[in-house]
Amino acid sequence: MALLKVDDATAGYGEMQVLNSVSLTVESDEIVSIVGPNGAGKSTVMKLIFGLLKPWEGTVQFDGNDISGMAPDKIVKLGLCYVPQVDNVFPSLSVEENLEMGAFILDGPLGERKERVFELFPRLAERRRQRAGKMSGGERQMVAMGRALMLDPKLLMLDEPSAGLAPMLVDMIFEKVAEVNAAGVAVLMVEQNAKRSLELADRGYVLATGRNQVEGPGSELLNDPEVARLYLGG
Amino acid sequence: MDNVLLARSVLLAVPLYLLALTLLGRLNPWLRHVLGLVIGFAVAAGLNLVLPAGDLSYFTTFVLMGCVYAVLALGLNVQWGYTGLFNIGIAAFFAVGAFTSALVTTNMPQGAMAAFTQQWVGLGAPFVVGVIAAGLASGLLALLIGGPTLRLRGDYLAIATIGIGELARLFFQNERWLANGPQPLRGIPQPLSCLVNDGCSTLPAFVNQFFSALSPRDYPFIYVAIVALILFLVYQALERAIRSPWGRVLRAVREDEDAAAMNGKNVPGFRMQAFVVGAVIMGIGGSLYAHYVVAIDYSHFDPLYGTFLIWVMLMLGGSGNNRGAILGALVVWAIWTGTSFLVDAMRPALAAISPELPQRGPYVRFLLISILMLVIVLYRPKGLFPEEKVVSLARDER
Amino acid sequence: MAVVEQSLAGARGRNLRRRAGKLFGNRWTLVVILALVAVAVVIGADAKNISGVRMLTLVVRGVMLGGILSLGAVGVTLIYGVLKMSNFAHGDYMTVGAYLGFALVGVLPHGPRIAGLSFGYEFIVALLLVMPLMGLIAYGLDRFTFRRLRVRRSPPIMMAMAALGLAFGVRSIVYMVFGADFAFFYTGATRPSIELFSGVRIRTDQLFILVLAIVLIVLVYLLLERTKIGKAMRATADNLDLARISGIDTERVVFWTWLIGGALAGAGGMLYGLDVQLRPEMGWWLLLPLFASVILGSIGNVYGALVGAFTIGIVWQVSGAFMNPAYGPGAAFLVMILVLLIRPEGLLGRRG
């Protein structure tokens, strides 16, 4: 059974419908990427899955539980963690404190978990006491991901992890995503940078105007000229 | 019907006629006025015949104070209801209006009195001058403090106005030379009180003759007519103003400041205008208050009586709606005076809880009013009358 | 040529205006202006022949008053930071705390006076009881009122209206229970004083108050910096949505915010009542200096609240040398207006 299953979900903000019968699955070892033009509803899918939005129709299931519209702090306890696109760190807290907040629901000492995150992001280890608000974009993205990884989630959701980053940092981020996945964490990401994310992903979904358009293995979508032309701006 | 009842009916008919005029707005003018006069007089006469004198007097003073507070609520409605300015310092404008009118209309104390009473000026001017001066003084205060404070965002403006309310209180409490603070300033003249005394030299003989049956105790009947008239004039002026291009800009500013600014509207200018207009009206209300209670001191304008009560009135009636403001004022004033009866009735129960409690009745009543405010905020923030969807009059229609 | 000159002149004018604008929002401008005010005060004191000893005494008293104000100001700023709400009832929370303490001190058996101070152990016991009690009351009132408005995403103005309703409501209860007259914790007690240095005297009670205020503030600091819930409070103040996403129990954060805010308010009220007197209006009169402190120090910033509170305390006391001391809060008000005109985000805040 799939780790995450979004089934025919329809949702929107207020009266404005954004998603129309969207479906997707993520297996427990894959990297899945959602791509598509602007305004396709990619971020909305993320918010729907993570309980920031209630589905008008359809369901969201995670690890056998129906989490449709469940409160975010309960979803986190099930092993699903989310990194939003903007405002994804606590600016007045230090790097270390940001990580600690990621593991708020746990009671014990966090030394080991923090060390694991610092192993993954050595740059952060050097700056553990620095205020997250004063860090560069790339470093902040690392803090954001690190915070989400503190709970050893089964599935990590990333909303446009490479947004606003220089190409070298984009490489680094995607490398880290691969590392994280190799360590056993499933990844679902939404990306503007379709090419890079599809290269990385096991499978991809193309979303446009709030609907599923195409899905398939990452490499297939990547090499399909029709997909590129229709949805990915050539 | 004897002369006293007749005279009282005529006077009481004034506010009722004005009320009828307002409610019958849609009929053609002739019909409106005739019908208003007839209904007004009929109801007034009816009340005079049916109610015992004591109850009737009480009713009159109730309507009177309700109308005074209605004027204050209208002033707040211009600031908050129409422009979104969060003024928690109403007491300052209320007080400035009251004291200005008092200083302008009283005479400087002479002889023995001068030892006890100090005041800055005593011009002995007539009531109307006092009312106008009150409005002007209040407006001036608004002009002075509006500059630095109006550009602040919501809760900062609120804090600034709390400060102004506090400073006004301190000022009237401590500055003896100004208005005898902290002692009361007494002897504020009551307009047309001559009618219930020896007759007014400025009025024709038949008028004096008509009202000669009244005694000084009947003065509230005269004053309620005056207050109701002023309330009516203020209401009419505001209703016209809100439908004018000026009113349209005010509403635009409140809805979306940035859009209004981008349309070239001088947003800060409009906010200042609304602030000043509202303050002028509050000053007028202060004047009306002063000439009724005849003696004022700083404690009349404390945050409870001078600010909070008026907010409850506007919130209950419905901000953004002038009728709502007036209704809210009357309803909350009714609740306020009604709680007095309630607390009296509860005396034995209160005394059982604690022997000092019955004499602290006013505070029990304030608790009830505070609870009312919370109930409104939690359950019916829009108040009884939702904001009017106003259609501005086109240029040629006005 | 003329055209170029004109456009250069225009550019220069714009440059000047831009520089003036930059001057305006600058935190150092504010510091300089406050420093200038201080200098003016010193010169003015000299001109009016006010002795140095008296000025120093006022400054020291101002520091003590600042200690009391800081207890209230930290609460106000914490509540604003976490809940994004200006708690206009905070002054009256201080009043309630003071009167609860008054009731307890009236009920507890009085012990002998503690070394050099004007009260016995019963005051301390009352203080230790009032603090958690006020915290719980503050939390209870929040659940009853503000929380319902938060759930509905009510505009801040409604929250402020509710706060006003609570302020007047609790004040009327104080009036009902204790009457309108002023009261003292200890009637007829002598108030021992000591000399600090070169003729500056303060009461021993005031020293105790200052020390206690500092101790409490340090405890709050430790809680915010070292404990999990403290960090969660700071995180929630930074970004509520992210806090929820991270799994932070925001209900617990809200609870602790009110607990701390209420406890500090209660302590501040009791200490103020000890130093001056108890009156049902005491808290409302403190509201203006409290918010002046918070705004000066940047709303939402706990350390700023401290800086602001001590500054306002000193301004309040020192102004009493030049005018009727009753207008002390007026001086605080003027400082607040100054801050709002020059740099509304305060000394420690960030622009935008």
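**Chain B's fold and Gly111(C)**

Mentor: Chain B comes to 17 helices and zero strands, where helices (H or I, at least four residues) and strands (E, at least two) are DSSP runs numbered from the N terminus. This is a predicted model: local features need pLDDT of at least 70, side-chain atom pairs count only at pLDDT 80 or more, and totals for chains, interfaces and linings use all residues. Residues are numbered from 1 along each chain as its sequence is written, while chains are lettered from A and ligands numbered from 1 in the order in which they are written.

Trainee: Why is Gly111(C) called partly exposed?

Mentor: Buried takes 20 or more other C-beta atoms within 10 Å, exposed 12 or fewer, and partly exposed is in between, with C-beta atoms placed from the backbone. Gly111(C) has 13, so it counts as partly exposed. It lies in the loop between helix 4 (90-107) and helix 5 (121-144) of chain C.

Trainee: Which residues does Gly111(C) touch, not counting those up to four places away in sequence?

Mentor: Gly120(C), Tyr121(C) and Glu122(C); contact means C-beta atoms, placed from the backbone, within 7 Å.

Trainee: How do you know that chain A and chain B do not touch?

Mentor: Their nearest C-alpha atoms are 20 Å apart. Of the two pairs of chains in contact, B and C share the most contacts.
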